Amino acid sequence: MRSSLTAVTLCLLALTATGFPFERKPSPKEKRVQYAAWDDVNVIAHGLLQLGQGLKEHVDKTKVQMRDISVKLKASNSTVGELGRESQRLRAEGEALRARAHGLEDREGRLLNATAQLRRRAEEAQQERRAAGERLSRLEEKVDSMLQGDATAKGNASEGHAIQSMLETQNKRIDDLMDRIQLQQEKLDKQNTRIKSLQSQVQQTKEATKSAKSMSRTISVEQQDSPAEIASNCHELFLSGVTSSGVYIIQPHGGLAFNVYCEMTAEGGWTVIQKRHDGSVDFDQLWQAYQKGFGSLNGEFWLGLENIHLMTKDGDHLLKVRFSDWKDEPESVAMPFSVGGEDTKYALHIQPSDTMGSLESSLATDTTAGLPFSTRDQDHDLKSDTNCAKHLSGGWWFSNCGHSNLNGRYFHSPPPKQRHQRKQGIFWKTWRGRYYPLKTTTMMVAPAEINNRA
């Protein structure tokens, strides 16, 4: 801009110098004054008008760009502030989890010491039992040799009975010790499981903190360097030319920007809202966790009810559920849906139809209020006498605890065949009433227009 203004100024100076030469003293022979030609004056005036018009257009365009940049900077500042607070909260939770993990490790050490002592006592008791057994064997030999009427037989027999009683008491003590050792071992196993769970939560908190910091830096750099708008969903990114699946930043209308995992397909971009494949993340969370989201976008995660609501509140959207059972047989279903706000307990709206399959029918409802979301600390399901989230584990849009639950307990191997135990995991129910336990699930959303491209 500065170089172009300099060039135009130099041209004007040259034209001015050509049209209006510098005044010089006339020689005696020169008697008339020279003036610039009228055509040259018109050319210069026309050039000045064009320059003024160009400068005005450039100033107007610069004002519009500055306005856009100001709006983006305000959104960036609010987002960065929110991320800073979230990062501080995650750091505090990480410190608390680390302290809890250290306490559990100390308790595990004490349990190990107690188990070792019990094992030593059990070994000593076994040695005493062996010694008493040898003594009893010798006494039995004596008793057998004196059964022909020896007067001392009665005394030896009574001593044998006493030893037998002592052995029974000793055996009982050993059995009690073995039971206590078994109990201690079970407690130790549970303690190890809790420690691993806490360590996993600490790691997830660290990853979330790093992700929040990275997201803050990315938003600041991108919005300061470019006035381009952030896409509101993954399908907009796809339409802009992005074709690789991965983690991206989106900003739904009326909300703050946040990270999502986009799965790019031939028909368009899907925003993943839930993913489970190895059981590394505990989905038995409370209401606040389900509201904000948890897990890692590069692993297992739940995107958050508030984010899902912001993405689906404007326009028609599709929910696609892709899952596989323990025979690794994949299947997927898609259905039009929307999620209400917090005032509706993030109610799920899916209109039923004659072409729906079993999973769609389990989520569909004719009620205008939709199907509210429930967790074990906030029960909003339609079954009045049971907390379905507490009974089946994990938060979900429950109707009567019986049709589906994609956020339930994860089995690392095929669950038992008993019906009541099978329903404790991730499952869905067919129209014939059979329950199918699932191994992997992925839930994703996209605008309904993606159907026109398929």
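Two strands pair if DSSP finds at least two bridges between them. I start my notebook with that rule, for the hairpin in the first entry below. The model I am reading is predicted.

**Entry 1**

I looked up the hairpin of strand 2 and strand 3. It has 4 residues between the strands. In that hairpin, G268 takes a positive phi near 160 degrees. I then checked how the two strands run. Strand 2 covers residues 258-264, and it pairs with strand 3 in the antiparallel sense over 4 bridges. I picked out C262, which stands opposite T271 in strand 3.

Strand 3 has another partner to note. It pairs with strand 5 (residues 301-302), again in the antiparallel sense, over 2 bridges. Here I found K275, whose bridge partner in strand 5 is F301.

Why is strand 3 called largely enclosed by the rest of the structure? I counted through residues 269-276: 7 of the 8 residues are buried, so strand 3 is largely enclosed.

**Entry 2: strands 6 and 7**

Next I went to strand 6. I noted that 8 of its 9 residues are buried, so to speak mostly covered. I looked up K320 and found its bridge partner, A334, in strand 7. This hairpin has 4 residues between the strands, and D328 takes a positive phi near 60 degrees in it.

**Entry 3: D325**

I stayed in strand 6, residues 317-325, to look at D325. Which side chain of opposite charge is nearest to D325? I found K327, 6.1 Å away. D325 is buried yet has no salt bridge.

**Entry 4: Q291**

I moved to helix 5, residues 287-292, where Q291 lies. Is Q291 buried or exposed? Its relative accessibility is 15%, and Q291 counts as buried because buried means under 20%.

I followed its side chain. It makes a polar contact with the side chain of E342, at 3.2 Å. E342 also shows up in the list of contacts, together with G304, L305, E306 and Y346. That list sets aside the neighbours of Q291 within four places in sequence.

**Entry 5: G395**

I then looked for G395. It sits in the loop between helix 8 (388-392) and strand 9 (404-405). Its relative accessible area is 0%, so G395 is buried.

How many residues separate G395 and D284 in sequence? I found 111 residues, while the C-alpha atoms are 6.9 Å apart in space. Not counting residues up to four places away in sequence, G395 touches F283, Y290, F373, S374, T375, N405 and N407.

**Entry 6: the whole chain**

I finished with the chain totals. I noted 10 helices and 11 strands. The chain has 454 residues, and buried ones make up 37% of them.

Note on methods. Residues are numbered from 1 along each chain as its sequence is written. This is a predicted model: local features need pLDDT of at least 70, side-chain atom pairs count only at pLDDT 80 or more; totals for chains, interfaces and linings use all residues. Side-chain values use heavy atoms; hydrogens and water are left out. Buried means under 20% relative accessible area, exposed over 50%, partly exposed in between (1.4 Å probe, protein chains only). A polar contact is a pair of N or O atoms within 3.5 Å; within protein, one must be able to donate a hydrogen and the other to accept it, and residues adjacent in sequence count only if both atoms are side-chain atoms. Contact means heavy atoms within 4.5 Å. Lys and Arg count as positive and Asp and Glu as negative; His and the chain ends are not counted. A salt bridge is a side-chain nitrogen of Lys or Arg within 4 Å of a carboxyl oxygen of Asp or Glu.
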